[in-house]
Amino acid sequence: MPIADIEGHRVALSNLDKVLYPASGFTKGECVHYYASVADAVLPHLHGRPVSFLRCPDGVDAEKFFAKHVPPGTPDWVTRCEVTRSGDRTGEQILLQDLASLVWAANLAALELHTPQWRAEAERQADRIVFDLDPGEGTGILECREVAVWLRDRLAADGLTALPKTSGAKGLHLLAGLRPADSSEVSAYAKQLAREAEAALPDLALHRMTRSLRAGKVFVDHSQNSWAKTTATPYTLRARSAPTVSAPVTWGELEAAETADDLVFLAGDMPERLRRHGDLLAPLFDPPRAQPPLP
């Protein structure tokens, strides 16, 4: 088993030739290489946020599972934090704070990384608001774009700067940095804006999760602002048929897109995009952050 020495930590690497994306032949070694290549961009978005993994040890077409608990055999140098579970229960969760930890997670076939809108040192104090725009049957990412533009302008009216990224699946995510506020208040504000989007775009936007209402609509999912929920971290791989990425995009790219394929980004696309654009979500870290009129 090869051992990588990364920033003073010994990281065991295994089965690097194992194919995790059968449709494209993308291997675990390529997943590890991908995360190492985008580490400078993804680590700031992971820093201080307890991570949940979607693990695919036998590939994306086989059994996959979410993991929040610290896996058995986790090296001592991987940072942990104590987080609240349901009720008053607490448990340990992983913080991916450095390149060695990121590579270690990739070697576990933790293809997807999901994080909450708060940091471990300020649990339930959201410093981001997120909207997950999920297209129903008969719609796609281009319809999500229309809803995203409405939400961008609505958030701007409250002093918030919305930044888009692809979900890496079918839809779009919008994020805006906040001056930290209670997650319950941010959730209520997000729900209010989702309702306003439905009222403004009644033929397209939907704020309710009811499946029977989803055809031909874009579901404005505000629920990921709950303290207990997570969202796909920027730059994470997705466990789809191809190694797609939840990729930050510019508003200009969204406006120029003519087909859904124009907004599909694969692991191999990201190093060049980062060289060209840098981290398009870097403004999320710039203080001061505004705070919307919360309930």
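User: How many bridges join strand 5 to strand 6, and in which sense do the strands run?

Analyst: Strands of a sheet pair through backbone hydrogen bonds, either parallel or antiparallel. Here three bridges link strand 5 with strand 6, and the two run antiparallel. In that pairing Leu54 faces Phe66 of strand 6. Two strands count as paired if DSSP finds at least two bridges between them. Strands (E, at least two residues) and helices (H or I, at least four) are DSSP runs, numbered from the N terminus.

One caution before we go on: this is a predicted model, so local features need pLDDT of at least 70 and side-chain atom pairs count only at pLDDT 80 or more, while totals for chains, interfaces and linings use all residues. Residues are numbered from 1 along each chain as its sequence is written, and side-chain values use heavy atoms, with hydrogens and water left out.

User: Which strand does strand 5 (residues 52-55) meet over four bridges?

Analyst: That would be strand 9 (residues 110-115), again antiparallel. Two places to look: Phe53 stands across from Leu113, and Arg55 across from Ala110.

User: In what order do the strands of that open sheet come?

Analyst: The order is 6-5-9-15, four strands with antiparallel pairing. At the edges sit strand 6 (65-67) and strand 15 (231-232), each pairing on one side only.

User: Which way do the side chains of strand 5 point, and are they buried or exposed?

Analyst: In a regular strand the side chains alternate between the two faces of the sheet. In strand 5, Ser52 and Leu54 go one way, Phe53 and Arg55 go the other, and all are buried. Buried means under 20% relative accessible area, exposed over 50%, and partly exposed in between (1.4 Å probe, protein chains only).

User: Which residues make up the covered face of strand 7, and which the uncovered one?

Analyst: Cys81 and Val83 are on the covered face of strand 7 (residues 80-84), with Arg80, Glu82 and Thr84 on the uncovered one. Strand 7 pairs antiparallel with strand 8 (residues 90-94) over five bridges, and there Glu82 sits opposite Glu92.

User: What is the strand order in the open sheet of five strands?

Analyst: It reads 11-12-10-14-13, with mixed pairing. Strand 11 (163-166) and strand 13 (205-206) have a single partner strand each, so one side of each lacks a neighbour in the sheet. The parallel sense shows up between strand 13 and strand 14, over two bridges, where Leu206 stands opposite Phe219.

User: How much space lies in the largest pocket?

Analyst: Rolling a probe the size of a water molecule over the atoms shows where empty space is left. The largest pocket holds about 640 Å³. It has 30 lining residues, and closest to its centre are Asp132, Asp134, Asp221, Gln224 and Arg238. Strand 10 gives the most to that lining, with four residues.

On a 1 Å grid over the protein atoms alone, a pocket is an open set of points with protein on both sides within 12 Å along at least five of seven lines, a cavity is a set where a 1.4 Å probe fits but cannot get out, and lining residues have an atom within 4 Å of a point. Points join across faces, edges and corners, and the volume is the space filled by probe spheres set on them.

User: How many cavities of 30 Å³ or more are there?

Analyst: Two, in the whole structure.

User: Where does Pro248 lie?

Analyst: In the loop between strand 15 and helix 6 (251-256). Pro248 counts as buried because its relative accessibility is 3%. Beyond its neighbours within four places in sequence, its contacts include Pro164, Lys165 and Tyr235.

Conventions:
Contact means heavy atoms within 4.5 Å.
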